[in-house]
Amino acid sequence: MDRCPTAAEVVTSARRLAARHPGTCRLRRIGLSRAGRPILLLSVGHGREHVLVVAGPHPDEPVGGASALALAGRVAGGEHPSPATGPARVTWDIVLCLDPDGAALSGPAPDDTLAGYYRTAFRPVAAHQPEWAPIAGGPLPETRALFRLIDEVRPVLQCSLHGTDAGGSWVQLTRELPGLAAPFAASADACAIPLQHGTYDAPNWDNPSPGVFVLPARDAAGRLPQGTDDIGPTTWCAPQIYGGVTAIVEVPIWAAESAADPAPYPDTGNALRELSRLVRGGGAQVTSVLDKAAAFLPSAADSAPRRVLDWMAEDLFDLVAASWEPLIGRAAALPTAQLTALEIAARRQPLRAAGLLLRLLDASPDPAAPALHAELEQLFRTWCADFEKALGLRRVPVERQVAHQVATVVAAAECVLGDR
């Protein structure tokens, strides 16, 4: 396996799997996207307990579709570690792609380079991300489809399959699963994937073991990043109504060994100031090119990539930098792993914007487009090279990404179901 399958390829493979195992697998539509694309559910097994697996919540995180297929094939073929998670006891409900509209605008990358990835990846504005939409703007049709499914099957476990561009692997849990840390760490080690000891996504969540982050109590002060003060309305928390737990499983495309380094980072304050300059400066350079091209590019109303670029230019670069600036005055040094997570966030934002803008400039017939493309292309290539060099990035083979993500999902299911 040299690349992740597209959303369309995932559906084709799921149909073939269901045809091969008609007594075990069922494929059905659970809703339609905003653009009318079907949201499909592959159910494997006939058990009373339900484990819900959600692939494709973000279109720029392609590993989830591959992991969904691998997991479904494993269960349908009778390859499960114990009766606790087998198809006689458990129904595995697998959403093949939660955001098919976003998936239609993303990838596949033409090669396995950072430049290839950022040229083709698409990530919608927060209000158009189905899991997060209830906070950012209100439920989408995709969100409501997932809420209905959760109400229907009442999962004991929901696993949301995410991927990060660079860093290590981590799991976010809506409540602690004490037995998960050991198999999670063992799987990461077997796949040569570092554990992420600090994250940009969950800086104030409880951290009972390396790479495992647990949502604090609702009344805990300062528990979430700026701008996300309560995740209760998200799809992540919906299974709690039925006593279920959610695991968000993150696996990197490129590994950064420093993501697993707990040692204090020297001169943390200056490092954070430099990261603020990095994200704001890169964002300003992309925005400058966008401003020059704004008159001839598609409008935000007609183009999802343009909508993302306008959203990022408005305040996202500042929001990212501002989220860690309160740490600058702290007396204690941050762990190197935490600085690594923040550096990845600082470097990825201008690259995401540049990749989208290069695509729009590529498609434009305006005579001014080639010169602006050349200007941005030089910045883009320099930023990719700097990213790789600064963090010593190492590509994680797709089969290892998939193996680790599947192993983590199965381990989480064992933790939840083993004592029931």
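## Strands, helices and cores in a predicted model

At 3% relative accessibility, Asp165 counts as buried, where buried means under 20% relative accessible area, exposed over 50%, and partly exposed in between, with a 1.4 Å probe and protein chains only. This is a predicted model, in which local features need pLDDT of at least 70 and side-chain atom pairs count only at pLDDT 80 or more, while totals for chains, interfaces and linings use all residues. Residues are numbered from 1 along each chain as its sequence is written, and side-chain values use heavy atoms, with hydrogens and water left out.

Asp165 is found in strand S5; helices (H or I, at least four residues) and strands (E, at least two) are DSSP runs, numbered from the N terminus. Not counting residues up to four places away in sequence, Asp165 touches Tyr117, Tyr118, Ile253, Trp254, Ile344 and Arg348, contact meaning heavy atoms within 4.5 Å. The side chains of Asp165 and Thr164 are joined by a polar contact of 3.4 Å. Such a contact is a pair of N or O atoms within 3.5 Å; within protein, one must be able to donate a hydrogen and the other to accept it, and residues adjacent in sequence count only if both atoms are side-chain atoms.

Strand S5 (residues 157-167) runs parallel to S3, to which four bridges join it, and two strands are taken to pair if DSSP finds at least two bridges between them. In S5, Leu157 is the bridge partner of Val51. S3 also pairs with strand S4 (residues 90-95), in the parallel sense and over six bridges, and in S4 the bridge partner of His50 is Thr91. S3 itself (residues 49-54) is mostly covered, with six of its six residues buried: Glu49, Val51 and Val53 point one way from the strand, whereas His50, Leu52 and Val54 point the other way.

The largest nonpolar core has 55 residues, and those with the most contacts inside it are Leu42, Val51, Val53, Leu71, Trp92 and Leu157. A nonpolar core is a set of buried Ala, Val, Leu, Ile, Met, Phe, Trp, Tyr and Cys residues joined through side-chain atoms within 4.5 Å. Helix H12 (residues 398-417) gives the most to this core, with ten residues. Val53 touches Leu71, Trp92, Asp93, Ile94, Val95, Cys159, Leu161 and Val409, not counting residues up to four places away in sequence.

Two helices are set out below, with the expected span taken as 1.5 Å times one less than the number of residues.

| Helix | Length | Span, first to last C-alpha | Expected span |
|---|---|---|---|
| H2 (63-76) | 14 residues | 20 Å | 20 Å |
| H6 (141-153) | 13 residues | 18 Å | 18 Å |

The buried residues of H6 are Glu142, Thr143, Ala145, Leu146, Leu149, Ile150 and Val153. Seen down the axis of H6, these residues fall within an arc of 160 degrees, so they line one face of the helix; the arc is that of the directions from the helix axis to the C-beta atoms. H2 is mostly covered, since eleven of its 14 residues are buried, including Leu71. Just after H2, Gly78 takes a positive phi of about 85 degrees, and just after H6, Arg154 takes a positive phi of about 50 degrees.

Pro397 lies in the loop between strand S10 (394-395) and H12, and at 30% relative accessibility it counts as partly exposed.
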